Amino acid sequence: MTDVRIGVIGGGLMGRELAGVCGRWDLLVDHPSRPRLVAVADPAPAAREWFARLDSVQTLAHDWRALIEDDGIDVLYIAVPHQLHEEIYVAAAAAGRDFLAEKPFGIDLGSSARIMDALASSTSFVRVSSEFPYYPGAQRAYAYAASGALGDILDVRAGFWHSSDLNRSKPINWKRRAETCGEIGVMGDLGLHVAHVPLRLGWQPTSVYGRLDDVVQARPGPDGATVECDTWDNALLVLGAHPQAGGRDFTMLWETRRIAPGHVNTWFLEAVGMDGGVRFSTRQPTVLRRFGVRDGEQTWEEVQPGNISAWPVVSGAIFEFGFSDALLQMWACYLAERAGELGDRFGTATPAEAFASHRVFDAALRSWRDGVPAVP
Ligand SMILES: NC(=O)c1ccc[n+]([C@@H]2O[C@H](COP(=O)([O-])OP(=O)(O)OC[C@H]3O[C@@H](n4cnc5c(N)ncnc54)[C@H](O)[C@@H]3O)[C@@H](O)[C@H]2O)c1
């Protein structure tokens, strides 16, 4: 294994998750790289202090520029609020730094386009975080759809639902303000998770009708006084989609909801065609459902995908897989791809896929404003 020295810019929720990924790395079998979390940049002292517990961390900086300039760092993980994506990603690209970006990859379509421009003249190896497709059931669903087993596609439904905003008294944070989360609101928070697999399957959005909902319009601010909460909480996008392999357009729904009562963290993908169908949800992660006509009967069968992951692991093939495993797999595939050893495994989201998702979210905003479908 070659050591890969990682610097984290933004030591919040996701930055801390990387510490867990590094700690569990020995579960992977014959991986070419070993990540070491060596540096953290965050202006918040408490965020920096959390990382002092890790023996590997040598640098705790308040300014992200210190990490971009540090030649002792091989890879950056940039996990900051959305209004900071463009400045930091463009600077990392200009310095030729490899990095794993966070979604939505720029606060809006224009910002994402400027990041893409910066990458076009950069040597940086860049991918965008999207871990849910690494659930074994999601991997099997992807492989089944990619094999052509669906036949003529009829309907696709991809979604990510949670309910962390069900409580109206929950204090506001940067993810609930358009200024820092983006005008696209929940689509910026959850949308790439939903878009990644459909885009990878070559299902190209041709038209978008967006149904957007700002359910909770005010929340307690830092001092308890009520402040405006001006982002979309829930979004339902009705897309026309064209299969890359050719054929007729079909209907695809992308659903992102921060307020889906009864759901804690549900990512799902369903796709049905004339010959086959597939359904997977993290709500029942041990089960994959497949449709086919068997002996003249229309049959949905249940398959248990077990713990067979994109990158092999030492843990038992029958054990349950969870969010931390998905993150480990995503990082394993990001670093393997960087090392040129991904093979035919599933790579994490590309900048082009993140940009394509932004085109859809931007069209959804226009469509909701104008009351008609919009072209991405
Ligand atoms: N892949 C996923 O499942 C997933 C989940 C949650 C969030 N995210 C994404 O990760 C990113 C960060 O989200 P989070 O939930 O970790 O947020 P967070 O608020 O928990 O953490 C963000 C951190 O960035 C720091 N920060 C603010 N300004 C900074 C600056 N100028 N330089 C360096 N650090 C700065 C904050 O102090 C904070 O510690 C966002 O893009 C978000 O969409 C991804």
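Helices (H or I, at least four residues) and strands (E, at least two) are DSSP runs, numbered from the N terminus. The model is predicted: local features need pLDDT of at least 70, side-chain atom pairs count only at pLDDT 80 or more, and totals for chains, interfaces and linings use all residues. Residues are numbered from 1 along each chain as its sequence is written.

**View 1. Helix 4 and its surroundings.** In helix 4 (residues 85–94), the buried residues are His-85, Glu-86, Ile-88, Tyr-89, Ala-92 and Ala-93 (buried: 20 or more other C-beta atoms within 10 Å of the residue's own, with C-beta atoms placed from the backbone). They pack against strand 1 (2–9), helix 3 (65–68), strand 4 (75–78), strand 5 (98–101) and helix 5 (109–120). Contact requires C-beta atoms, placed from the backbone, within 7 Å.

**View 2. Helix 1 crosses helix 9.** The axes of helix 1 (residues 13–23) and helix 9 (residues 323–338) come within 9 Å and cross at roughly 80 degrees. Axes are lines fitted to C-alpha atoms, for helices over the stretch in contact; angles run from 0 to 180 degrees between N-to-C directions. Helix 1 is therefore roughly perpendicular to helix 9 (65 to 115 degrees). Glu-17, Gly-20 and Val-21 of helix 1 meet Ser-324, Leu-327, Leu-328 and Trp-331 of helix 9.

Note on methods: Buried ≥ 20, exposed ≤ 12 C-beta atoms within 10 Å, placed from the backbone. Contact = placed C-beta atoms within 7 Å. Parallel < 35°, antiparallel > 145°, perpendicular 65-115°, else oblique.
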